[in-house]
Structures are given as structure tokens and as C-alpha cells.
Amino acid sequence: MLKKIDHLGIAVHSISEARIFYENVLGLVCEKEEEISSQKVRTAFFELGETHIELLEPTTEDSPIAKFLSSRGEGLHHVAYCCDNVTEQLTQAKEMGCRLIHETPFTGAGNKQVAFLHPKSSHGLLTEFCSEDNK
Ligand code: ZN
């Protein structure tokens, strides 16, 4: 079962440039920056109430984020829903006919279990399921 929106993922060319907007204009506080080498991405998380903003910067030219930036430019990349059990949520989506990007969850930012549905199955917006904190 989904609990809440865990975070919004926003693709940017440069975290060090983009964070100026999030920190100085919006007044958010950066909790952590983390490189996820398996996904070829650097992330920065900002806390906002119960949810977070995740900035995503590509670390290689063949990063999925680099491809996204070249085709669609900077902006909203994905929405992440926090759920009890990522594997169950994936199984359920698959049974309903959704295409999955990941058949099984992997360890993403913050050591959470994460997995993505294909945007073709979710009306154009990449959808992430992630586990709750410290699970
Ligand atoms: Zn995410």
C-alpha cells in the first residue's frame, strides 16, 4: 500500500548550480548529497515537511539522467511513492499489466529499496516505489 509521496525527482545539469535556487529562493535545507554509481547519478535531497525534493545530476554521458536532459531538458523526472513493501507493489503493478523497468528492487539513495515502473505504463511520468526510511 502506498503511504505518501516520498519525493519528487528533478533532473538538473548541475546540482551545485541548481541548489542555489532550492536553498536561497525556496529556503530548503540540503540534507545530503550522494552518488549512486550503479545509476550513474549524483543526488541531493532537500527536506520539505513529510516529503523531499531529490535533485539528480548525471555522472556520465550514458547516464539515464543525461539522456533525459538531452531529450526533455531540466525538470520533473519522477515521482516516488513510499510503500510498505516494494516487491509486493511491483508484483501488483505487473499483474495489472504495467511494464516495469526493474523486476526486483535495488538499493537506491538513502539505502532504501527502490524500483521504477516504465513511464509508458504510467502516462508519461516515471514512477518510483521506495521503501520507508530505515527499512
Ligand atoms: Zn527518486
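Two strands are taken to pair if DSSP finds at least two bridges between them, and strands themselves (E, at least two residues), like helices (H or I, at least four), are DSSP runs numbered from the N terminus. The structure is a predicted model, in which local features need pLDDT of at least 70 and side-chain atom pairs count only at pLDDT 80 or more, whereas totals for chains, interfaces and linings use all residues. Residues are numbered from 1 along each chain as its sequence is written, and side-chain values use heavy atoms, with hydrogens and water left out.

On these terms, 8 strands form an open sheet of mixed pairing, in the order β2-β3-β4-β1-β5-β8-β7-β6. Its edge strands are β2 and β6, each of which pairs on one side only. Helix α1 (residues 15-25) packs on the sheet and touches β1, β2, β3 and β4, contact being defined by heavy atoms within 4.5 Å. The direction of α1 makes about 155° with that of β4, where axes are lines fitted to C-alpha atoms, for helices over the stretch in contact, and angles run from 0 to 180 degrees between N-to-C directions.

Strands β2 (residues 29-36) and β3 (residues 41-48) run antiparallel and are joined by 7 bridges, with Ile-36 standing opposite Val-41 in β3. The two strands form a hairpin with 4 residues between them, and Lys-40 in the turn has a positive phi of about 55°. Strand β3 also pairs in the antiparallel sense with β4 (residues 51-58), over 8 bridges, and here Leu-48 stands opposite Thr-51 in β4. This hairpin has 2 residues between the strands, and Gly-49 takes a positive phi near 60°. Elsewhere in the sheet, 4 bridges join β7 to the antiparallel strand β8 (residues 126-131), in which Cys-130 is the bridge partner of Val-114.

Because His-7 lies in strand β1 (residues 2-11) and His-78 in strand β5 (residues 75-83), the pair ties together parts that are 71 residues apart in sequence. Both His-7 and His-78 are buried, a term that denotes under 20% relative accessible area, with exposed over 50% and partly exposed in between (1.4 Å probe, protein chains only).

Asp-6, in strand β1, is buried with a relative accessible area of 3%. Its side chain makes a polar contact of 2.7 Å with that of Lys-112, such a contact being a pair of N or O atoms within 3.5 Å of which, within protein, one must be able to donate a hydrogen and the other to accept it, while residues adjacent in sequence count only if both atoms are side-chain atoms. Lys-112 lies in the loop between β6 (106-107) and β7 (113-117) and, at 9% relative accessibility, counts as buried.
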